[in-house]
Amino acid sequence: MLAASQSDTTKAQAALEKLCRTYWYPLYAYVRRRGHPAQDAEDLTQAFFARLLERHWVDDADHERGRFRTFLLTAMSRFLSDEWDKARAQKRGGGVTHVPIQLDAAETRYGHEPVDNCTPEQSYERRWALTLLDTVLQRLRAEYEHAGKSELFAALNSSLVGGRESQPYAELATQVDMNEGAVKVAVHRLRQRYRKLLRAEIAETMAATEDVDQELRQLFAVLAGS
Amino acid sequence: MDTERHCPSCQKPLAPNAPLGLCPECLIQAGFPTGIETDTGSARQPAFIPPTAGEIAKLFPQLDILELVGKGGMGAVYRRGKNSSTGSSR
């Protein structure tokens, strides 16, 4: 099952919080796109996460959900229509909700984004895909930094896209002062590690019975369609 | 002044918020096990993963899709049953 709904509650809670910390921004942007002003959107997103984490929604219901991506969107959409008024009333009445997820510079980030003509749902899916890729690339970069290979990563990361045969190995070799054979190996390792991290990150957001390739195909369609 | 950047691999325009300035679509493609690591000559073309015969059958209920015959760089050919012994549908 989804890592966030393991039977071990503490572990499940930690996994869920981790997912929320990673993927809060697509949800925040979704709330904004649904027409809520900036000052409300932050409260609303926080209230949503507080409830999600307190009430174990992930444990309780939705065993049919396969993807955390879809589950979060459905839950937020329901929350916006049913729960927001209640949450606001509770807040005005002095109800205290602790802030579980830091929404760092949410509005600044939102304000800097290019305008698109998609529906709020499509924008959410697209931002989810971009957040996923950002997370994976940051992790990959951190691994190279940790190994003292920041410069190698900076020089070779452009070879993550495109075919293996089309990479400018000779040019890269000059750049990093290695021979061409060694660069080929380094590029191969980088691509392999990237793929492994990407697939692992996707697997964490899905039921184990589902296919990572299928989710990759959906994410590709999401990005290609916008 | 044209400052728009394009992906060197798929040639599509790159959004300013592309992760590490790399094309998000190509980054997703790179996650497929049968993807770009296994291609041989057509390096610029991201790998095409054909839908299964079952998936196609759902999209074309009027056709009797039997099997996937083969795939190329950008498309796939499926065999169907109805009305034609040689009929193939792309």
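Biologist: How is the model numbered, and what pLDDT do local features need?
Modeller: Residues are numbered from 1 along each chain as its sequence is written, while chains are lettered from A and ligands numbered from 1 in the order in which they are written. As the model is predicted, side-chain atom pairs count only at pLDDT 80 or more, totals for chains, interfaces and linings use all residues, and local features need pLDDT of at least 70.

Biologist: How many helices and strands does chain A have?
Modeller: Helices (H or I, at least four residues) and strands (E, at least two) are DSSP runs, numbered from the N terminus. Along the sequence, chain A reads α-α-α-α-α-α-α-α-α-α-α. The count is 11 helices and 0 strands.

Biologist: What share of the residues of chain A count as buried?
Modeller: A residue is buried if 20 or more other C-beta atoms lie within 10 Å of its own, exposed if 12 or fewer, and partly exposed in between, with C-beta atoms placed from the backbone. Chain A has 226 residues, and the buried share is 31%.

Biologist: Which helix gives the largest share of the side of domain 1 of chain A that touches domain 2 of chain A?
Modeller: An automatic or database domain assignment supplies the bounds, with domain 1 at 1-113 and domain 2 at 118-226 of chain A. The contact (C-beta atoms, placed from the backbone, within 7 Å) takes 17 residues from domain 1 of chain A and 15 residues from domain 2 of chain A. On the domain 1 side, helix H1 (9-33) and helix H4 (68-82) of chain A each supply at least two residues. The largest share, 8 residues, comes from H1(A).

Biologist: How many residues on that side of domain 1 of chain A are nonpolar, polar and charged?
Modeller: Ala, Val, Leu, Ile, Met, Phe, Trp, Tyr, Cys and Pro count as nonpolar, Asp, Glu, Lys and Arg as charged, and the others, Gly among them, as polar. By these classes the side divides into 11 nonpolar, 2 polar and 4 charged residues.

Biologist: How many nonpolar residues are on the side of chain B that touches chain A?
Modeller: In this contact, 25 residues of chain B meet 28 residues of chain A. The chain B side has 4 polar and 4 charged residues, and its nonpolar residues number 17.

Biologist: Why do the buried residues of H4(A) lie on the same side?
Modeller: The buried residues of H4(A) are A:Phe68, A:Arg69, A:Phe71, A:Leu72, A:Ala75, A:Met76 and A:Phe79. They are on the same side of H4(A) because the arc they cover around the axis, taken from the directions from the helix axis to the C-beta atoms, is only 160°.

Biologist: Which exposed residues does the face of H4(A) turned away from its buried side carry?
Modeller: An α-helix has 3.6 residues a turn, so residues three or four places apart point the same way. The face of H4(A) away from the buried side carries A:Thr74, A:Arg78, A:Ser81 and A:Asp82.

Biologist: Is A:Leu27 buried or exposed?
Modeller: A:Leu27 is found in helix H1 of chain A. Leaving aside neighbours within four places in sequence, A:Leu27 is in contact with A:Thr45, A:Leu72 and A:Met76. Because A:Leu27 has 25 C-beta neighbours inside 10 Å, it counts as buried.

Biologist: Where is A:Ala105 found?
Modeller: Most residues other than glycine have a negative phi, and most peptide bonds are trans. A:Ala105 is not a glycine, yet has a positive phi of about 50°. A:Ala105 counts as exposed, with 11 C-beta neighbours inside 10 Å. A:Ala105 is found in the loop between helix H5 (84-92) and helix H6 (106-111) of chain A.

Definitions and conventions. Contact = placed C-beta atoms within 7 Å.
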